[in-house]
Protein chains: 2
Amino acid sequence: MRGSASVAKSAPLPISGFIEFLPEQQLILQEFIRRIRAAYELHGFSPIETPAVERVEVLTSKGGEAAEREIYAISRLLGQQDGAEASDSNLALHFDLTVPLARYVASYASQLSFPFRRYQIQKVWRGERAQAGRFREFYQCDIDIIGREQLSLLADAEMPAVIYDVFRSLAIGEFIIRISNRKILQGFLRHYGVDRDTSAAGLRVIDKLDRHPPADWNKVLIAQTTLSPDVVERVTGFFFGAGGATAETLQWLKDHDANADKDFALGVEELGVVVKAVGELGVPETHFKIDLRLARGLDYYTGTVFETLLVGHEAIGSICSGGRYDDLTGFFADEKLPGVGISIGLTRLMAQLLDKKIVKPRASTPAKVLVTSLDKKHLPDYLKIANALRSANIATEVFTEEARLGKQLKYALRKGIPLVIIAGDQELSQGQVQLKYLTEDFAQKDVEEIPLPEIAARVTEKLRVLGLCGIAW
Amino acid sequence: MRGSASVAKSAPLPISGFIEFLPEQQLILQEFIRRIRAAYELHGFSPIETPAVERVEVLTSKGGEAAEREIYAISRLLGQQDGAEASDSNLALHFDLTVPLARYVASYASQLSFPFRRYQIQKVWRGERAQAGRFREFYQCDIDIIGREQLSLLADAEMPAVIYDVFRSLAIGEFIIRISNRKILQGFLRHYGVDRDTSAAGLRVIDKLDRHPPADWNKVLIAQTTLSPDVVERVTGFFFGAGGATAETLQWLKDHDANADKDFALGVEELGVVVKAVGELGVPETHFKIDLRLARGLDYYTGTVFETLLVGHEAIGSICSGGRYDDLTGFFADEKLPGVGISIGLTRLMAQLLDKKIVKPRASTPAKVLVTSLDKKHLPDYLKIANALRSANIATEVFTEEARLGKQLKYALRKGIPLVIIAGDQELSQGQVQLKYLTEDFAQKDVEEIPLPEIAARVTEKLRVLGLCGIAW
């Protein structure tokens, strides 16, 4: 089946920043999406999908020149064709799923139920500077809960519960969910006399302190912020002081002098409510912790914030982040729409997992059985066998080209199809087939003779025993 | 939970040609995609996904100004930022999944196994003139089998087998797969002396004869083609003669004078092989038929062609079409890559099914249970109940806002959540909860008292008995 590798005569170069996967990788990506979707639905989130295309004024409504610089506008390749198509102009590709969510909620508010719990798994596009690990097209998998005028803190607590279910289901190793509340650090700095701008700039550096060993934190903060040495000392002391278990950290926070600042006190109270409910929703203490360094760069977070780290692979950075915001969409709506949400950057995550071999593809096809073809005159039998297997929900391929058996077995092995059915004159005249389990070394031992009427049942059992159902990595 | 309908202050107008669905519709679309994917995988097709963006020269490589006119180019909204980003220029959105497949196969030939069986479910974009039922962004769900230099006719026969599995699984009513071979009509016309151009133009009209009653076919062909009255007579006679069951039609074709034309004879032979294998692959005669009028507009089909009609809703047109082509990608590859494929235009299909109420949304959430919240002090219990249900894989929502019970029940009813759990002081002190099946008329009868440890098991059983698992329409 494999000829020379020279099919291509002028295969175009890949476009920088646009990743695509081989089938064996794509199968895993699909399975990830399936599991993420299942976890989101288990928690009662409803799917929506918005067009890839929005009006430019919608995309730029939140401001931020940085975002604007990354927007891809669209236009007809050959220019506008006639006046009637003016509706086509001033359009661009969405660069996240939050702005489209805001527009969607504003457009259909009367037809939605609030709190509106939605998930959205779609590609977004950003004209980022091309560099390793940065993609111009990537999947985001978001959930948000949007309230009308108000939203319980329990909505915040549901986020770690969903994250816990998602990453247990993805089975990519141990993970830990970091939780904080932005009001705490903000209040802390204000309590010690730091002004608004210095504080905002300082938080951006604090958010990235993880890149340095704790012993260097003082030095880094002195070098990279305008915080006074005295305040820097207090900040690092604060972080070291808060490093205990959840209950101790909360108590320590409640006893802290900075409670004199009302934001600090409110943040501590909110964090307490959220963390308690996270436990009640079934997330064990082994999988989440309070981490006050967490600030999240995005300015629109106003309370609870989350990040998720893969234990042993912290350098990948957060694999699922989010937080609480006061108002989804001041631009589109009169009412205040507070919300809380999280996002998984799936394309980047998958690229990292493949790169670090945390995930290893095993097969390039969903097929579990290849029905080989020994003799043209038995093709009707081969097709009927395939049909019987498919009717029993076993993914099956028939080898329909002419080739020697050895070539057909190699084809199955190369694609990762674990079972092959072999049936020539002899087998079929006895009303049976050979079922062979293919192993890398082509060991001929695992072969069974199976009567035709029992094929589906026996293959089902074989797949179960060998643990070969579903997609694995 | 429902306030006034006035969330929106400046919700932007929808963009013409870009459809988006409400959650209750999106849930069904998702379930359609899941079932289509499952049927494709059952037949051993591997997923791939290509970037939405291709180089303009790739998209226009097949020629065809009509396609080119519909292409959306992309460019940075604020213009190119610097020379290093030149890789960003001359890019556009794909308008189908066939051109990207050709480019993908050329790019990765040495890493793929042939015959290459792939499926691809993605959105495509076309700057079509806006009109009812036409979309500028829509899902295509394609499968193709690509051979190297050659490909068995059995690959053609697999297409109806997949179509049969897909549409049985979608459960949208009876359907029939029409099968023909382009060589037959082409050979027929040549046999009766029709030249190439007249024949090509004639085939385009023949392909749309269905729009007229059979009694008018002569008249239509005379008016809309340059075929002579004599040939028109023969063509309609040919169609009426071939109207029998599959075996009779094949025999009738084999006996026909036009077999003197070698294309006609080859087409009849190919059709015979394909139709026989379609039956052996398990598609019953009730679900497919030879229909020689089938010509398919697209010029690249060279043999077998398919269409699928929804019985009783033929006006929708074909819901799944495709065919055999000689060469996927002469432009990119030295080798000849013959293939066969089909495509489902899912967005248009879904819009039609909703419009004609063939599909009726029942719920706007995947949640099957709402845990209501009667008393703030019992919130830990409510969260634990939700966790127990989710651990048993039952999609569950907790009502976390403060509201009277009546309001919470209305919320569940409006979203289509069938079961609610009610637990106040009295129930919880006795270690139990109320499980209520919500019906439109709020009949209070279907209420059970359930001990706390049995909730998950009892709810699972209740959903099974009521037939409420999964998504229905």
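Visitor: Among contacts in chain A between residues at least 6 apart in sequence, what share joins residues at least 24 apart?
Guide: Keep in mind that this is a predicted model. Here a contact means heavy atoms within 4.5 Å. Take the chain A contacts between residues at least 6 apart in sequence, and the share joining residues at least 24 apart comes to 68%.

Visitor: And how much of chain A counts as buried?
Guide: Chain A carries 16 helices and 16 strands, and its C-alpha trace spans about 90 × 65 × 45 Å along the principal axes. Buried means under 20% relative accessible area. Of the 473 residues in chain A, the buried part is 58%.

Visitor: What area do chain B and chain A bury between them?
Guide: The contact draws 126 residues from chain B and 126 residues from chain A. Of the area they bury, 54% is on carbon and sulfur atoms. The total for chain B and chain A is about 10,900 Å².

Visitor: Which residue of chain A forms a salt bridge with Lys123(B)?
Guide: Across the interface of chain B and chain A there are eight salt bridges. The cut-off is 4 Å between a side-chain nitrogen and a carboxyl oxygen, and for Lys123(B) the closest N and O atoms are 2.7 Å apart. The partner is Glu49(A).

Visitor: In β3(B), which residue is the bridge partner of Arg76(A)?
Guide: Strand β3 (residues 72–76) of chain A runs antiparallel to strand β3 (residues 72–76) of chain B, and five bridges join them. Within β3(B), Arg76(A) is partnered by Tyr72(B).

Key:
Residues are numbered from 1 along each chain as its sequence is written. Chains are lettered from A and ligands numbered from 1 in the order in which they are written. This is a predicted model: local features need pLDDT of at least 70, side-chain atom pairs count only at pLDDT 80 or more; totals for chains, interfaces and linings use all residues. Side-chain values use heavy atoms; hydrogens and water are left out. Buried area is the accessible area (1.4 Å probe) that two parts lose on being put together, summed over both. Two strands pair if DSSP finds at least two bridges between them. Helices (H or I, at least four residues) and strands (E, at least two) are DSSP runs, numbered from the N terminus. Buried means under 20% relative accessible area, exposed over 50%, partly exposed in between (1.4 Å probe, protein chains only).
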